[in-house]
Amino acid sequence: MTSNLRWKVIAILVVVALAVAAFYPPKDKVKLGLDLKGGVHLVLRVQTDDALKLETETSAERLRDELSRQGVSIGAVTPQDVRSFRVDGVPGDRDADFRRIADEWVGQVFDRASGVGGSYTFTLKSAQITRLRQEAVAQALQTIERRVNELGVAEPIVAPHGDGDQILVQMPGVTDVARAKEIIRSTALLELKIVEDGPAPTREALLAARGGQVPPDLEIVPGAAEAGNAQGTGPVYYLVKRVAGITGRDLRNARPSLDENNQPAVGFSLNQQGADKFSQLTAQNIGRQLAIILDGRVQSAPTIEGRIYDQGRISGSFTQQEVQDLSLTLRSGALPASLTYLEERTVGPSLGADSIRAGVMASLIGLGFVTLFMLAYYKLTGFNALLSISLNLLILLGFMAYIGAVMTLPGIAGFILTIGMGVDSNVLIFERIKEEMGSGKSARAAVAAGFDRVFLTILDTHVASLISAAFLFQFGTGPIRGFATTLFFGLLSNVFTAVFVSRTLFELILSRRPQAAKLSI
């Protein structure tokens with residue numbers, strides 16, 4: 001064996017060893033996709049109007065507070081729709097001050113239009129509407145991804161889908177679909193607000209002392225009566241500050257806990273900024289109730305007995321599972337907008353096992369027919385092709401395991417296509433060798449000429465297919481990407497095995513024979 005041939009053999013053995021090391025043990029290294037492992041496939045739509053509504057209401061409140069702080073008395077501030085709000089009753093002698101303050105506080109986001117009688121309408125600018133919708137989808141995507149990861153799902157897919165407001169979620173291995181959907185869709189908006197009045201059994205009773213009208217800086221929030229409360233166990237209503245003292249953005253962590261009655265509860269801690277605000281809020285309101293509101297419903301309203309710094313607890317009629325799920329959603333952050341499910345498909349584990357069995361069977365049958373054909377048509381040289389194809393599949397599995405690619409049903413189809421490409425490449429080479437031998441060349445000269453003259457043809461076909469696979473991966477999703485990944489790496493390893501490995505095998509065989517030896521082909 002020449003030195004050059006020895007290095008070729010060593011290089012092949014190293015590649016094979018690396019592939020085996022990356023692939024073994026296959027149970028731990030090969031990650032199965034949704035169609036093979038089973039799980040749930042969801043398509044959600046982000047209701048981006050919620051983000052516009054929040055921006056409109058928040059800006060209206062901010063403008064009202066600033067006008068009050070600077071001594072500009074106005075009438076009502078009324079939301080018109082999700083994009084606009086109206087201000088009535090601006091005094092004529094303070095009109096210039098109102099315009100200046102409005103331009104300073106909401107002028108960058110809203111267009112202002114004046115009406116009659118000191119009224120103004122503020123409408124979100126079109127560029128701001130586009131920005132808010134895009135930010136809502138991006139933030140929802142990040143929040144859903146954190147929640148799916150908190151569920152411990154291996155190899156999930158959370159990606160934009162279809163139109164700009166849709167999100168695709170695939171969770172392989174998830175069997176409790178209802179729980180997963182509830183966790184993903186839960187808004188988990190936490191607010192801590194000072195209670196002005198309540199609880200009362202009805203809205204009318206709550207507003208009786210205020211002439212039936214809700215003051216502009218307050219709002220009514222429903223809740224459930226707490227144990228031992230005189231209102232019984234039915235629904236009750238609280239009148240609370242419209243602006244929250246603490247929100248979910250101030251959270252640092254949330255975890256399952258127990259309340260004073262040893263019942264499941266959620267304990268939370270605040271970041272430094274939230275702790276400062278919480279400390280100030282509780283110090284200024286000792287003896288008053290603090291409503292802990294989750295998704296627009298009062299969970300509890302304890303009385304503040306002293307300054308509290310960075311710890312709190314959400315208690316209620318929770319089960320242990322609900323407490324764990326609530327802690328998870330609070331840790332992952334609140335959704336910027338509500339979600340609706342457009343599509344749901346569940347793949348059972350048995351279907352995935354059947355798919356694997358069918359895919360493996362198809363591959364083995366294909367490989368069996370290839371074996372019979374190559375041995376019958378190319379005789380002993382057929383073993384050369386079979387070995388190179390087998391190494392091709394082994395290297396492909398090693399690639400897939402090393403990069404952590406997910407094996408899907410279309411990925412198995414990519415394996416079968418790779419076998420076909422390997423056979424095609426070997427047939428091209430063998431036919432060329434037969435032609436060279438037919439022209440009177442020796443076996444060694446025919447092998448060298450066969451590989452040299454077919455190499456560019458194989459390279460051309462593989463480059464074209466690699467470009468197609470790259471486009472499929474770039475613009476496809478889910479199973480299409482799985483197919484593109486298998487095809488891409490299968491083509492790369494096929495060039496290596498069909499050209500380099502196969503030629504080395506020929507050279508290895510012929511190196512042990514005399515110059516004039518025949519080749520069984």
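Predicted model: local features only at pLDDT ≥ 70, side-chain atom pairs only at ≥ 80, totals over all residues.
**Stop one: the Y24–P25 bond.** Select Y24 and P25. The peptide bond that joins Y24 to P25 is cis, and its omega is near -5°. P25 itself sits in the loop that links helix 1 (3–23) with helix 2 (26–29). As background for this stop and the next, most peptide bonds are trans, and most residues other than glycine have a negative phi.

**Stop two: K379.** Although K379 is not a glycine, its phi is positive, at about 55°.

**Stop three: N426.** Select helix 13, which covers residues 409–438, and locate N426 within it. Is N426 buried or exposed? N426 is buried, because its relative accessible area is 0% and buried means under 20%. To display its surroundings, select M374, A385, S388, I389, A498 and S502; N426 is in contact with these residues when its neighbours within four places in sequence are left aside.

Finally, select helix 14 (residues 443–475), where V463 is found. V463 is partly exposed, since its relative accessible area of 39% falls between the limits of 20% and 50%.

Terms used:
Residues numbered from 1 in each chain as written. Heavy atoms only, no water. Helix = DSSP H or I, 4+ residues; strand = E, 2+ residues; numbered from the N terminus. Buried < 20%, exposed > 50% of the residue type's maximum accessible area, 1.4 Å probe, protein only. Contact = heavy atoms within 4.5 Å.
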